[in-house]
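Thanks for making time this morning. Please have the sequence and the model up on your screens, and we'll walk through them together.

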Amino acid sequence: MTKLQNFILRTSVVLSIIFSVCPTAFAMHIMEGYLPPAMCIVWGVVCLPFVIKGLFTIKKIFAENRRAITMLAMSGAFIFVISALKIPSVTGSCSHMTGTGLGAILFGPCTVSILGIIVLIFQAILLAHGGLTTLGANTFSMAIAGPLLSYGIFRLCKKLNVSKKVGVFLAASLGDLFTYCITSIQLAIAYPSENGGVMASVVEFLGVFAPTQLPLAIVEGILTVLIVMALESYAVPELKAIGYEA
Amino acid sequence: MNKNVITTIILLLIVASLILVPLFALKGAEFGGSDDAGSTKVEEIQGDYEPWFTPVLETALHGEIPGEIESLLFCVQTGIGVGVVAFLMGRFVERKKYENGNTSR
């Protein structure tokens with residue numbers, strides 16, 4: 001990284017920390033206009049360090065590691081497909097998956113944040129799904145918090161010598177669920193319940209999202225395992241190039 | 001059959017049943033988006049809530065995006081994704097075939 005890149009990254013980390021301790025701080029995607037402006041800004045700034053680190057990593061990949069570009073495209077395309085499919089669930093309502101597990105496993109959480117943002121902007125502008133004002137909050141839940149957990153779980157499973165397929169499955173499905181937990185918390189901070197405050201609100205929103213999302217998380221886990229299996233059989237040189245041992 | 005193929009088929013069957021079972025088990029359910037369920041919840045907690053910003057496309061269209069157009073756009077999104085995945089996978093598979101062919105000759 002150059003000095004300038006380093007400086008930008010550090011500044012953003014500092015800003016992010018300042019904003020996250022700010023007491024007024026307050027997924028699926030949060031709907032356009034449903035978060036107070038102050039919170040939109042706070043979540044946006046909290047995302048900055050991850051996004052900036054991701055940008056630099058992607059820039060480096062393009063300059064030095066041509067083989068990894070195809071894997072990057074694959075991870076991005078996987079998010080495109082998976083997050084466009086609205087799937088019926090046991091609660092009688094539809095929801096969609098995040099698809100960020102694959103990228104998190106292959107590249108780590110920062111790089112995925114860029115891929116996630118592309119999808120979120122696409123959906124916010126063209127589909128009125130999610131929103132530009134809530135982009136920061138949605139990016140944090142879907143493209144940062146979820147992948148971060150996926151990445152951690154995948155690493156942990158590897159350390160504990162759990163079978164790789166199980167590791168990928170757990171990483172992708174728990175990452176998906178975690179995204180929705182974060183969304184519930186974000187909404188709850190913005191809309192604390194009158195009798196019970198934020199915690200009661202978290203439970204309320206989790207009640208809406210969690211049962212719907214549970215089967216979808218399993219589907220997402222399985223689909224991620226399938227694509228990883230395919231890559232392991234046919235794209236060994238690319239996986240080696242990004243440091244993933246098949 | 002190769003072991004991976006069998007695993008793939010079993011896993012795909014599980015996926016299909018997870019998706020199809022709710023559809024048949026809950027006949028007559030609305031299957032609306034859980035985003036909408038989210039907005040309803042917000043109204044429940046907050047009373048009447050007026051979003052302070054409307055989606056750009058809705059502002060431009062002076063109304064909601066027609067349902068069919070919305071599915072079109074979702075299809076475009078899926079199409080872009082599937083196109084890239086299929087193109088790359090196709091290349092990888094052919095490459096492996098080609099390499100194997102060269103070494104066996």
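Let's start with chain A: 9 helices and 2 strands. Keep in mind that this is a predicted model. Read chain A along the sequence and you get α-α-α-β-β-α-α-α-α-α-α. How compact is chain A? Its radius of gyration is 18 Å, and the globule rule for 246 residues also gives 18 Å, so chain A is as compact as a globular protein of that length. Along the principal axes, the C-alpha trace of chain A spans about 55 × 50 × 40 Å. Of the 246 residues in chain A, 60% are buried.

Now one residue in detail. Find Ser12(A), in helix 1 of chain A, residues 3-21. Is Ser12(A) buried or exposed? The cut-off for buried is under 20% relative accessible area. Ser12(A) has a relative accessibility of 3%, so it counts as buried. Where does its side chain go? The side chain of Ser12(A) reaches the backbone oxygen of Leu9(A), at 2.7 Å. Now set aside the neighbours within four places in sequence. Ser12(A) is then in contact with Leu48(A), Pro49(A) and Ile52(A).

Next, the interface. How many residues does each chain put into the contact? Chain A puts in 70 residues, and chain B puts in 53.

What about charge pairs and polar pairs? The rule finds 1 salt bridge across the interface of chain B and chain A. In that salt bridge, the side chain of Arg95(B) meets the side chain of Glu238(A), with 2.9 Å from N to O.

Which elements of chain B touch chain A? Five entries for your notes, each supplying at least two residues to that side of chain B: helix 1 (3-25), strand 1 (32-33), helix 2 (34-46), helix 3 (56-61) and helix 4 (67-104). Helix 4 of chain B gives the most, with 16 residues. By class, the side of chain B that touches chain A has 31 nonpolar residues, 13 polar and 9 charged.

That's the tour. Over to you for discussion.

Notes:
Residues are numbered from 1 along each chain as its sequence is written. Chains are lettered from A and ligands numbered from 1 in the order in which they are written. This is a predicted model: local features need pLDDT of at least 70, side-chain atom pairs count only at pLDDT 80 or more; totals for chains, interfaces and linings use all residues. Side-chain values use heavy atoms; hydrogens and water are left out. Contact means heavy atoms within 4.5 Å. A salt bridge is a side-chain nitrogen of Lys or Arg within 4 Å of a carboxyl oxygen of Asp or Glu. Helices (H or I, at least four residues) and strands (E, at least two) are DSSP runs, numbered from the N terminus. Ala, Val, Leu, Ile, Met, Phe, Trp, Tyr, Cys and Pro count as nonpolar, Asp, Glu, Lys and Arg as charged, and the others, Gly among them, as polar. The radius of gyration is taken over C-alpha atoms; the globule rule is 2.2 Å times the number of residues to the power 0.38. Buried means under 20% relative accessible area, exposed over 50%, partly exposed in between (1.4 Å probe, protein chains only). A polar contact is a pair of N or O atoms within 3.5 Å; within protein, one must be able to donate a hydrogen and the other to accept it, and residues adjacent in sequence count only if both atoms are side-chain atoms.
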